[in-house]
Amino acid sequence: MQINSGNVLQNMRPSLAIFDASHGQPNWAQTGFTSREMHTNYAGVMELLCRLGCTCAPTGQKPSATQLSDARLLVIPPPTGRYIAAKERWQPQPECLFSAETVRDILRFVRDGGRLLVFAYRFGDSFTQSNLRELVSPLGCLLNDDAVIDLQALRNINPLEAFFDTPRTLLPLPWSIEGVSMLRWRTMATFTVLPGAQARPLALSAGGSCISFNRTFRKISFASLPIAVAGLHGRGRFALFGGPHAFETGRFGLLSSHDNARFLQNVLRWLLDDGHPNLIALPTAHHSDGT
């Protein structure tokens, strides 16, 4: 993985980045694949944060006001429940859900100037049996129970290895596209940005044959939809992604693919920066919804 980190921004101070491991992230290992923790699939994210001047630490306890008091950034890999191998599906696990107190403490952390980086999973909470939607909804962003799938690629590729690409024209925020020409993603969920929210699409799906299938409503959409969102909450900032694979280093990770590492670097710099939080979007072409 080659990352052009350069010098740490002048107005970016060294800080603590906490990786949440208390909402089922270790349970991904129950599937026979790697867990989604700081030293496993998120090792590349950790490495880049360290190059940007951060100290990284995992937490096995629920993020609380006390734990977050010294943190600059909270990273939440995809939360989930308990995997039932016989049925090949996830089951809700109460201790892995976001409690009302945890949601309150995380939102307060961001509102007071903290930074939040969140990763969902394809088909959202309906698949992982988590309640991540309860955390991101107060930010003005709804996590959808859908998955973006490139129908053309799916014809010849194992579903777990399926991918879709987005050119820089589908990356609306100017600060995100420096050094970026093309990104590669795997199947992932989308977000709905609510009217009046201080949030903007950070990346859009291609639309057309790159469809979105909603598992709950059994609906197909051909529209170009937000697969990542950046926004503001009080004095803090957040970035939400509908899936983890683009920035992972595991078996299906794509961090070294195309310009993914550079794009992640741009996102992390924006999150950690104390400068003006530019949320002005570039004009983008959207496919009409043919449903």
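# Exercises: loops, sheets and spaces

Leu225 touches Asp146, Thr190, Ala203, Leu204, Ser205 and Ser212, leaving aside residues up to four places away in sequence. Here a touch, or contact, means heavy atoms within 4.5 Å.

The model is predicted: local features need pLDDT of at least 70, side-chain atom pairs count only at pLDDT 80 or more, and totals for chains, interfaces and linings use all residues. Residues are numbered from 1 along each chain as its sequence is written, and side-chain values use heavy atoms, without hydrogens and water.

## Exercise A: a loop residue

Find the place of Leu225, and state how its relative accessibility is classed.

Solution: 
- Start with the place. Leu225 sits in the loop between strand 14 (219–221) and strand 15. Helices (H or I, at least four residues) and strands (E, at least two) are DSSP runs, numbered from the N terminus.
- Then take the accessibility. Leu225 has 21%, so it counts as partly exposed. Buried means under 20% relative accessible area, exposed over 50%, and partly exposed in between (1.4 Å probe, protein chains only).
- Now look for Gly207. Leu225 and Gly207 are 18 residues apart in sequence, but 7.2 Å apart in space, C-alpha to C-alpha.

Give the strand order of the open sheet of seven strands, and name the strands at its edges.

Solution: 
- Read the order. It is 2-1-3-6-16-15-12, with mixed pairing. Two strands pair if DSSP finds at least two bridges between them.
- Check the ends. Strand 2 (54–59) and strand 12 (199–204) each have a single partner strand, so one side of each has no neighbour in the sheet.
- Axes are lines fitted to C-alpha atoms, for helices over the stretch in contact; angles run from 0 to 180 degrees between N-to-C directions.
- Zoom in on a pair. Strand 15 (residues 226–233) and strand 16 (residues 236–241) are antiparallel, with six bridges. Ala230 has Ala239 in strand 16 as its bridge partner.
- Place the helices. Helix 1 (residues 43–51) lies across strand 1 (15–20), strand 2 and strand 3 (73–76), and runs at about 145° to strand 2. Helix 3 (residues 100–111) lies across strand 3, strand 6, strand 15 and strand 16, at about 140° to strand 3.

Solution: 
- Pick out a pair. Three bridges join strand 13 (residues 210–214) to strand 14. Asn214 stands opposite Lys219 in strand 14.

## Exercise D: an enclosed strand

Why is strand 10 (residues 182–186) called largely enclosed?

Solution: 
- Count the buried residues. Four of its five residues are buried, so the rest of the structure largely encloses strand 10.
- Find a partner. Strand 9 (residues 163–167) runs antiparallel to strand 10, over five bridges. Pro167 faces Met182 in strand 10.

## Exercise E: positive phi

Decide whether Glu88 and Phe123 are buried or exposed.

Solution: 
- Recall the background. Most residues other than glycine have a negative phi.
- Take Glu88. Its phi is near 50°, a positive value. It lies in the loop between strand 4 (82–84) and strand 5 (89–91). Its relative accessible area is 62%, so Glu88 is exposed.
- Take Phe123. Its phi is near 65°, also positive. It lies in the loop between strand 6 (115–119) and helix 4. At 17% relative accessibility, Phe123 is buried.

## Exercise F: a cavity

Which element gives the most to the lining of the largest cavity?

Solution: 
- Size it. The largest cavity holds about 40 Å³ of space. On a 1 Å grid over the protein atoms alone, a cavity is a set of points where a 1.4 Å probe fits but cannot get out; lining residues have an atom within 4 Å of a point. Grid points are joined across faces, edges and corners, and a volume is the space filled by probe spheres set on the points.
- Name the element. Helix 4 (residues 124–128) gives the most, with three residues.
- List some of the lining. Among the residues are Pro78, Phe119, Asp125 and Leu143.

Conventions:
1 Å grid on protein atoms, 1.4 Å probe; cavity = no way out; pocket = protein on both sides within 12 Å on 5 of 7 lines; lining within 4 Å.
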